[in-house]
Amino acid sequence: EEWIVRALRWLWIRLKLFVEPSAAVGLAALLSGAIEGRGKKVGLILSGGNAEPLSVARRIDALSTEPW
């Protein structure tokens, strides 16, 4: 779950996109290294806003400021 929050944070900081947490699972897998994407063509579907923005913001804020 931490990597999902990190992915949400990455999307917000880098792309100014707000997506629902389940939509960030694919990016979380890439950022965590669970899936190797380097040198490959990778497509991600980012969808929805079916999440409470304040709740997601609190989870992102609670995450340490360490790089992903």
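Which residues is Val 19 in contact with, leaving aside its neighbours within four places in sequence?

**View 1. Contacts of Val 19 in a predicted model.** Val 19 is in contact (heavy atoms within 4.5 Å) with Leu 8, Leu 11, Ala 24, Leu 46, Ser 47 and Gly 48, its neighbours within four places in sequence left aside. The model is predicted, so local features need pLDDT of at least 70, side-chain atom pairs count only at pLDDT 80 or more, and totals for chains, interfaces and linings use all residues. Residues are numbered from 1 along each chain as its sequence is written, and side-chain values use heavy atoms, without hydrogens and water.

**View 2. The largest nonpolar core.** This core has 13 residues. A nonpolar core is a set of buried (under 20% relative accessible area, 1.4 Å probe, protein chains only) Ala, Val, Leu, Ile, Met, Phe, Trp, Tyr and Cys residues joined through side-chain atoms within 4.5 Å. Val 19 is among those with the most contacts inside it, as are Leu 8 and Val 56. H1 gives the most, with four.

**View 3. Helix H1 meets helix H3.** Val 5, Leu 8 and Arg 9 in H1 meet Val 56, Arg 59 and Ile 60 in H3.

**View 4. Ala 51 in its loop.** Ala 51 lies between helix H2 (25–32) and H3. Its relative accessibility is 19%, so Ala 51 counts as buried. Beyond its neighbours within four places in sequence, Ala 51 is in contact with Phe 18, Glu 20, Pro 21 and Val 56.

Key: Helices (H or I, at least four residues) and strands (E, at least two) are DSSP runs, numbered from the N terminus. Buried means under 20% relative accessible area, exposed over 50%, partly exposed in between (1.4 Å probe, protein chains only).
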